[in-house]
Amino acid sequence: MSVEKIIGEWKKKTYKPIYWLEGEEDYYIDQLVGYAEQHILTESEASFNLAIFYGRDAAWADIVNACRKYPMFSDKQVVILKEAQQLKEIEKLEAYFNQPLTSTIFIVAYKEKKLDARTKFAKLVKERSEFLTTKKIYDSALPEWVNSYVTKLGYTISPKATMLLVDHIGNDLARIENEIQKILINLKTRTAITEEDVENFVGISKDFNIFELQTAIAARDLARAVRVIQYFGDNPKAAPIQLILPSLYSFFSKVFMIFGASGADDAIAKQIGVNSFFFKGYAQASKTYGYEGVERILLLLHQYNLKSIGINASRIDDAALLKEMVVKIMM
């Protein structure tokens with residue numbers, strides 16, 4: 001069952017006795033836990049009927065006892081177990097899963113991993129609970145996620161603004177959401193998010209960022225690339241090298257995939273997992289450097305990733321290391 005469907009049922013006052021939420025993507029688990037904590041019970045009901053436990057500090061017996069209590073001044077109570085993956089002897093919740101109380105809504109947030117599906121307890125959980133498992137979305141799907149999220153709120157966002165957010169923040173849905181909300185607060189009567197908004201309200205330069213460095217390298221524009229790197233050197237928090245190198249490696253990995261793809265530009269963009277709006281930059285890089293050139297760039301990026309952590313390199317500042325690498329790329 002999806003997050004949207006579960007919340008939709010909760011809004012209709014339709015509840016199951018147990019919800020098991022697990023997986024690698026905390027964002028969706030936090031959405032459900034946050035809604036349950038704030039909205040299932042009224043403020044007065046929550047005073048008597050909301051119990052929250054944390055796996056590291058809780059005992060399984062205390063959790064079961066809380067679940068077996070009857071609600072006061074309400075027909076429902078909510079028991080939430082956060083960070084359930086840290087609960088010792090979690091399998092001892094089995095007895096409650098076999099005989100849950102219908103007046104209790106028990107929500108288990110088992111983050112960052114999944115139960116071993118081969119175990120008896122895991123099979124029982126799937127059988128007896130409303131079960132949700134989450135996965136980290138692919139980096140290539142982040143722009144689409146941003147667009148979908150913004151559209152649901154009744155706004156639009158320019159492609160470049162989307163890429164600025166994604167390249168700067170990475171695969172952190174909660175942080176992306178927070179930054180978008182920050183922008184929306186400042187839009188006032190406007191409904192379109194631009195790259196200027198990202199620059200002004202998130203603090204990402206629209207002219208000096210990873211996306212612009214990537215574009216400069218794709219066009220073999222050394223002067224422009226050096227200007228961007230110099231900005232990074234003067235503003236170390238803007239784009240640390242540990243963020244730049246994986247981003248460039250991802251870009252050129254997709255460029256490399258072009259050589260094995262076929263069809264029109266839109267079809268190739270889909271095959272390599274990029275937005276068709278940005279495919280021009282990938283195609284330009286493939287033509288500028290060719291098959292062997294892109295292969296060489298991927299090897300250089302690997303070498304400089306090792307150098308950035310002190311392997312096979314004397315200590316050198318990040319900006320100088322990036323300049324050295326970019327010169328070798330464009331040779």
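Partly exposed describes a residue whose relative accessible area lies between the buried limit, under 20%, and the exposed limit, over 50%. Keep those cut-offs in mind for this tour of a predicted model.

**Stop 1: Lys16 and Glu130.** Select Lys16. Its relative accessibility is 31%, so Lys16 counts as partly exposed. Glu130 counts as buried, because its relative accessibility is 15%.

**Stop 2: Asp116 and Arg118.** Their side chains meet in a salt bridge, 2.9 Å from N to O. Arg118 is exposed at 70%. Asp116 is partly exposed at 34%.

**Stop 3: Arg190 and Asp197.** Here the closest N and O atoms of the salt bridge are 2.7 Å apart. Asp197 is buried, at 4% relative accessibility. Arg190 is partly exposed, at 37%. Next, select Lys160, Glu212 and Arg224: salt bridges with shared partners join them into one network. The whole structure holds 14 salt bridges.

**Stop 4: helix α11.** Select residues 210–218. Of the 9 residues in α11, 8 are buried. Among them are Phe211, Glu212 and Leu213. Show the surrounding helices: the buried residues of α11 pack against α8 (159–169), α12 (222–234), α13 (241–258), α15 (279–308) and α16 (318–330).

Finish at the ends of the helix. Asn209 caps the N-terminal end of α11, placing a side-chain oxygen 3.0 Å from the backbone nitrogen of Phe211. Just after α11, Arg220 has a positive phi of about 55 degrees.

Definitions and conventions. Residues are numbered from 1 along each chain as its sequence is written. This is a predicted model: local features need pLDDT of at least 70, side-chain atom pairs count only at pLDDT 80 or more; totals for chains, interfaces and linings use all residues. Side-chain values use heavy atoms; hydrogens and water are left out. Buried means under 20% relative accessible area, exposed over 50%, partly exposed in between (1.4 Å probe, protein chains only). Helices (H or I, at least four residues) and strands (E, at least two) are DSSP runs, numbered from the N terminus. Contact means heavy atoms within 4.5 Å. A polar contact is a pair of N or O atoms within 3.5 Å; within protein, one must be able to donate a hydrogen and the other to accept it, and residues adjacent in sequence count only if both atoms are side-chain atoms. A salt bridge is a side-chain nitrogen of Lys or Arg within 4 Å of a carboxyl oxygen of Asp or Glu.
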